[in-house]
Amino acid sequence: MNRPLVAATALAAFLSLTGCSLLDQAQAAPEPTPAATTGDSAGSEPAPSARSKVGSVRDSGDIPDPCTLISDAEVTKLTGRGITQRDSDGAEPGTAARFCQWQQPSGQLALFLARTTPSDYEVRIDGATEVDGLGERAYTLAGHLYVLYGTVQVDVYSRGDSEEQNLATAKDVVNFVLPKI
């Protein structure tokens, strides 16, 4: 069974169906450090990426906190929208799946990272559309862009523009964060 892909797809479906209820849980979770999230103070920058200390986790190692891979200013630049709130997963290092979400006045950007295997990633899902030129493999499904990068599955969800522009934004985000993973 393709557990990482199924889990990521289930998480994506859950997020699209529940929206803010997950955000409420994320806000209630203890935060790892004050610099890792902004909560009500959108605009402050996240802590430096752990990648600079340990190297790439493309094939092994702890999945980084996605909030440390892209700053609020970079999110604003990539999406063309301001940020009202940033929500971190609050997970401990070593957690196999991580997420960060940026709430925006007229949209949202979410970045999910999870450990997977290339063979698990090969499983076909009805309705998925292949995307060329990103990572080892990439596809879109239900507004999400999924990219295989070594043994990391990157999932970007951008909402707030046309479907085509949301996909273009998601591709830009993937191209920005892959070198940092």
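Visitor: Which residues in H6 do Glu74, Leu78 and Thr79 in H4 meet?
Guide: This is a predicted model: local features need pLDDT of at least 70, side-chain atom pairs count only at pLDDT 80 or more, and totals for chains, interfaces and linings use all residues. Residues are numbered from 1 along each chain as its sequence is written, and side-chain values use heavy atoms, with hydrogens and water left out. Contact means heavy atoms within 4.5 Å. On the H6 side, the three H4 residues meet Thr169, Asp172, Val173 and Phe176.

Visitor: How many nonpolar, polar and charged residues are in the contact of H4 with H6?
Guide: The classes come first: Ala, Val, Leu, Ile, Met, Phe, Trp, Tyr, Cys and Pro are nonpolar, Asp, Glu, Lys and Arg are charged, and the others, Gly among them, are polar. By that scheme the contact has three nonpolar, two polar and two charged residues.

Visitor: At what angle do the axes of H4 and H6 cross?
Guide: Two packed helices are described by the angle between their axes and the distance between the axes. Axes are lines fitted to C-alpha atoms, for helices over the stretch in contact, and angles between N-to-C directions run from 0 to 180 degrees. Here the axes of H4 (residues 72–79) and H6 (residues 163–177) come within 9 Å. Their crossing angle is roughly 145 degrees.

Visitor: Is the crossing of H4 with H6 left-handed or right-handed?
Guide: A crossing is left-handed if the near helix is turned anticlockwise from the far one by less than a right angle, and right-handed if clockwise. H4 passes H6 in a crossing that is right-handed.

Visitor: How many helices and strands does the chain have?
Guide: Both are DSSP runs, numbered from the N terminus: helices are H or I with at least four residues, strands are E with at least two. Along the sequence the pattern reads α-α-α-α-β-β-β-α-β-β-β-β-α. The count is six helices and seven strands.

Visitor: In what order do the seven strands form the sheet?
Guide: Strands pair if DSSP finds at least two bridges between them. The sheet is open, with antiparallel pairing. Its edge strands, S1 and S4 (129–130), each pair on one side only. The order is S1-S2-S3-S7-S6-S5-S4.

Visitor: How many bridges join S2 to S3?
Guide: S2 and S3 form a hairpin with two residues between them. Arg98 stands opposite Leu113 in S3. On its other pairing, S2 is joined to S1 (residues 85–88) by four bridges. S2 and S3 (residues 107–115) run antiparallel, and the bridges joining them number eight.

Visitor: Which residue in S7 is the bridge partner of Phe112?
Guide: S3 and S7 (residues 152–159) pair in the antiparallel sense over eight bridges. In S7, the partner of Phe112 is Asp155.

Visitor: Why is strand S2 largely enclosed by the rest of the structure?
Guide: Buried means under 20% relative accessible area, exposed over 50%, partly exposed in between (1.4 Å probe, protein chains only). S2 (residues 97–104) is largely enclosed because its buried residues number seven of the eight.

Visitor: Which strands does H6 lie across?
Guide: H4 packs on the sheet too, touching S1, S2 and S3. H6 runs at about 140 degrees to S7. The strands it lies across are S3, S5 (137–141), S6 (144–149) and S7.

Visitor: Which residues is Asp161 in contact with, leaving aside neighbours within four places in sequence?
Guide: Asp161 sits in the loop between S7 and H6. Its relative accessible area is 35%, so it is partly exposed. Its contacts are Thr79, Arg81 and Asn166.

Visitor: What separates the C-alpha atoms of Pro179 and Ser56?
Guide: Pro179 is in the segment after H6. Pro179 is partly exposed, at 48% relative accessible area. Pro179 and Ser56 are 123 residues apart along the chain, and their C-alpha separation is 8.2 Å.
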